[in-house]
Amino acid sequence: MEITILQLTINGVLLGGIYALISIGLTLIFGVLEIVNFAHGEFLMLAMYASYFLFQYYGIDPYLSLLIILPLFFLIGVAVQRATIQPILNAPPLNQIFMTVGLSLVLQNVALFFWTADYRTVKTNYSALTLRTGGLMISFPRLLAFLLAMGLIAALLIFLKKTYTGKAIRALAQERKAAMLMGINVYRTYQVAFGIGIACVGAAGAMLIPVYFVFPSVGTLFVLIAFVVVILGGYNSLTGSLVGGLIIGVVEAFSGFFISPHLKEAIYFVIFILILL
């Protein structure tokens, strides 16, 4: 029984690392721009497709594709922020919600039009590789994804604490008017923050494709989990999103084993409702 508990904990933590990376991007966007990005999951879906096609047509390993995905999705995030988010920054919250929901629907249907509803995934030489130690089995792709996710999160936290741009992002998250009085270029910082948020979810997409199927609506599944993690960890806390992601991963692993695989999503949504209450 102890081995089972430890195995489930490891599985949950490895999965939670990906959840944390997705959620940190969402937290950063909300904390700085004060906009809930309902299209966040669709950027995850696009990154999964990008990594899939890089592997299929150019033979680039999904984890090596991070070197392309990260800068590419940062630039996509900056472009999307300038084109769709910046004009509505001072608009009523309902307008902002409609904009990001509309963007989500557009991206999802564009993916459906070009790539159909077929499920696709990447099979590498190590896709089924399992590390065995002390009676435990650890999926190598999940372990590698977890380590890369933790590395990216650590790099982001260092960036936010040590660099001028990072401090400007934190200042805007704390008090917009005071940051403007200190000479911070607000709109430029908004673009950088949104770009980093989209780059985080893009990286998570590249890490997911070796262990998960991609299809046009896959982002909806993960963005719902990200909202639970953000609420659990606190709206403006990146560290809280990290801890929340790990907790939700462990909760999903245990509830899927001890209750039912079909009810594991229901369990963390019950947690979500209780937190809101």
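This is a predicted model: local features need pLDDT of at least 70, side-chain atom pairs count only at pLDDT 80 or more; totals for chains, interfaces and linings use all residues.
Reader: On to helix packing. Are H5 and H10 roughly parallel or roughly antiparallel to each other?
Author: Helix H5 (residues 140-162) and helix H10 (residues 238-258) have axes 11 Å apart and pack at an angle of about 165°. Angles over 145 degrees count as roughly antiparallel. The two helices, H5 and H10, are therefore roughly antiparallel.

Reader: Which residues of H5 and H10 make the contact?
Author: H5 passes H10 in a left-handed crossing. From H5 come Phe-146, Met-150, Ile-153, Leu-157 and Leu-160, and from H10 come Leu-238, Leu-242 and Leu-246.

Reader: How many residues in the contact of H5 with H10 are nonpolar?
Author: Sorting that contact by class gives no polar and no charged residues. The nonpolar count is eight.

Reader: Is H10 roughly perpendicular or oblique to H11?
Author: H10 and helix H11 (residues 264-276) pack at an angle of about 135°, and their axes are 8 Å apart. Roughly perpendicular covers 65 to 115 degrees, and roughly antiparallel begins over 145. That makes the arrangement of H10 and H11 oblique.

Reader: Which residues of H11 make the contact with H10?
Author: H10 passes H11 in a right-handed crossing. On the H10 side the contact uses Ile-248, Val-251, Glu-252, Ser-255 and Gly-256. On the H11 side the residues are Lys-264, Ile-267, Tyr-268 and Ile-271.

Reader: How many charged residues does the contact of H10 with H11 have?
Author: By class, this contact has five nonpolar and two polar residues. The number of charged residues is two.

Reader: Is Ile-225 buried or exposed?
Author: Ile-225 sits in helix H9 (residues 218-233). Setting aside neighbours within four places in sequence, Ile-225 is in contact with Tyr-19, Ile-248, Glu-252 and Tyr-268. Its relative accessible area is 6%, and the cut-off for burial is under 20%. Ile-225 is thus buried.

Reader: What is the relative accessible area of Thr-27?
Author: Thr-27 belongs to helix H1 (residues 2-33). Not counting residues up to four places away in sequence, Thr-27 touches Val-230, Gly-234, Tyr-235, Asn-236, Ser-237, Leu-238 and Ser-241. Thr-27 is buried, and its relative accessible area is 2%.

Reader: Within what arc do the buried residues of H6 fall, seen down its axis?
Author: In helix H6 (residues 164-174), Gly-166, Ala-168, Ile-169 and Leu-172 are buried. These buried residues line one face of H6, because they fall within an arc of 160°.

Reader: Which exposed residues are on the face of H6 turned away from its buried side?
Author: The buried side of H6 has a cover that includes H1, H5, helix H7 (176-181) and helix H8 (186-208). The face turned away from it carries the exposed residues Tyr-164 and Gln-174.

Reader: Which residues does Val-186 touch, not counting residues up to four places away in sequence?
Author: Val-186 lies in helix H8. With a relative accessible area of 9%, Val-186 is buried. Beyond those sequence neighbours, Val-186 touches Leu-172 and Met-180.

Reader: One last point: what separates the C-alpha atoms of Arg-142 and Val-13?
Author: Arg-142 lies in helix H5, and at 33% relative accessibility Arg-142 counts as partly exposed. Leaving aside neighbours within four places in sequence, Arg-142 is in contact with Leu-14, Leu-15 and Val-211. Along the chain, Arg-142 and Val-13 are 129 residues apart. Their C-alpha atoms are separated by 9.8 Å.

Technical notes
Residues are numbered from 1 along each chain as its sequence is written. Side-chain values use heavy atoms; hydrogens and water are left out. Axes are lines fitted to C-alpha atoms, for helices over the stretch in contact, and angles run from 0 to 180 degrees between N-to-C directions. Helices (H or I, at least four residues) and strands (E, at least two) are DSSP runs, numbered from the N terminus. Angles under 35 degrees count as roughly parallel, over 145 as roughly antiparallel, 65 to 115 as roughly perpendicular and the rest as oblique. A crossing is left-handed if the near helix is turned anticlockwise from the far one by less than a right angle, and right-handed if clockwise. Contact means heavy atoms within 4.5 Å. Ala, Val, Leu, Ile, Met, Phe, Trp, Tyr, Cys and Pro count as nonpolar, Asp, Glu, Lys and Arg as charged, and the others, Gly among them, as polar. Buried means under 20% relative accessible area, exposed over 50%, partly exposed in between (1.4 Å probe, protein chains only). The arc is that of the directions from the helix axis to the C-beta atoms.
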